[in-house]
Amino acid sequence: MEIKNLKKQAQEELNLIGKIEELKKFEEKYLGKEGKITKILRSLKNLSDKERKKIGKETNEFKDYLLGEIEKRREEIRKREIEEKEKEEWIDITIPPKKIEKGHLHPLSLAQERIEEIFVSFGFSVIEGPEIENEWYNFDALNIPKDHPARDLWDTFWIKSQKSKVKSQKWLLRTHTSPVQVRYMEKHNPPLRIISPGRIFRYEATDASHEINFYQVEGLMIDRDITVANFYFIMDEFFKSFFRKETKIRLRPSFFPFTEPSFEIDIVCSLCKGKGCSVCSKRGWIELAGAGMVHPNVLKAVKIDPKKWQGFAFGLGLDRLAMIKYKINDIRLFYSGDLRFLRQF
Ligand code: FA5
């Protein structure tokens, strides 16, 4: 083929090339080891001097021209590829970003943190106890003997066919945080000042202010010459700090086998302001805690001399405290996992 025709054919082929891979193949076809131009240059030796000079010159010029064209096309393809990529990867920086959901503390945890903070500032230590207890700590050591009707105050979830290695007791889900008092007094000598927040369980019907699984904060202070006046002062200071305002509380005489005298602490219902609603069972007051002066039998059970040491104990309903603080009208909302509720805190 004449150089002129070859040049025409190459130009037409080159015009149709749009990809780097196609260009590589084209280069190979004309300039590779077995390429058309390479073959012509190789065959020059068989020609006469005159023809070799003429065809050699034309072929070399064509080779240089083609190399130039290939380079030009390569640049064009690269430029176009970059432009296409830029179009594809274009980012609109004015579009608002997707909102990243952040977790936060549950209202019960917030209340617990605040309670701990206040009691620690009064010199109390925070102690934990097990949620699975045995009869001895949950009842016997708290002056609640077997077959005594007082056990019925706490409807219990018993754990089947498990015997405690210690004292051959039956296991249960603790019905209150009071067993932590006993565990602590067994190992520590007075004077003592502790609180113990934790989860407890009761086999009972639920309503707006009762759950089967809820939280209590146990408190215990043992020292010399402790009286009900000390107890009232501490509780009054605690409620003022927790609710950040004057609150109306009352002590009501009550009965617990492990305290004498015993009280119940009530607070004016913040949801109805004392008028009576479903949360306070139309009474205008909400029961927040059981409390009293530690019974001498409990002190004796842990080998503390009741003639030398006295003190008070209390069991605050943590859920109820949070309900009053955040004006929540149903305790079951805490355990519902409903994000519409939880996002408000
Ligand atoms: C007790 O559990 C005693 N251990 C408290 C105590 C401790 C008395 C130390 C004396 C000395 P009570 O069963 O009343 O007591 O419960 C204490 C508080 O837990 C109640 O005042 C109430 O605020 C809360 N509470 C009781 N039952 C429920 C329930 N089902 N759901 C939510 N909170 C409850």
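Here is a short briefing on charged surface patches and cysteines in this structure. The model is predicted, so local features need pLDDT of at least 70 and side-chain atom pairs count only at pLDDT 80 or more, while totals for chains, interfaces and linings use all residues. Residues are numbered from 1 along each chain as its sequence is written, and side-chain values use heavy atoms, with hydrogens and water left out.

**Charged patches**

- A salt bridge here is a side-chain nitrogen of Lys or Arg within 4 Å of a carboxyl oxygen of Asp or Glu.
- Arg42 sits in helix H3, residues 36–43 (a DSSP run of H or I, at least four residues, numbered from the N terminus).
- With a relative accessible area of 41%, Arg42 is partly exposed (buried is under 20%, exposed over 50%, partly exposed in between, with a 1.4 Å probe and protein chains only).
- A negative surface patch brings together Glu83, Glu86, Glu88 and Glu89.
- Glu88 belongs to helix H4, residues 49–88, and is exposed at 69% relative accessibility.

**Cysteines**

- The whole structure holds zero disulfides (pairs of cysteine sulfur atoms within 2.5 Å).
- Cys269 is buried, at 0% relative accessible area; the closest cysteine sulfur to its own is that of Cys272, at 3.6 Å, which is too far for a bond.
- Cys277 is also buried, at 16% relative accessibility, and its sulfur lies 3.7 Å from the closest cysteine sulfur, in Cys269, again too far for a bond.

Key:
Helices (H or I, at least four residues) and strands (E, at least two) are DSSP runs, numbered from the N terminus. Patches are made of residues with over 30% relative accessible area and no salt bridge: like charges are joined within 9 Å, nonpolar side chains (Val, Leu, Ile, Met, Phe, Trp, Tyr) within 5 Å. Accessible areas come from the Shrake-Rupley method with a 1.4 Å probe; for residues, only the protein chains shown count as cover. Lys and Arg count as positive and Asp and Glu as negative; His and the chain ends are not counted. The place of a charge is taken as NZ of Lys, CZ of Arg, CG of Asp or CD of Glu.
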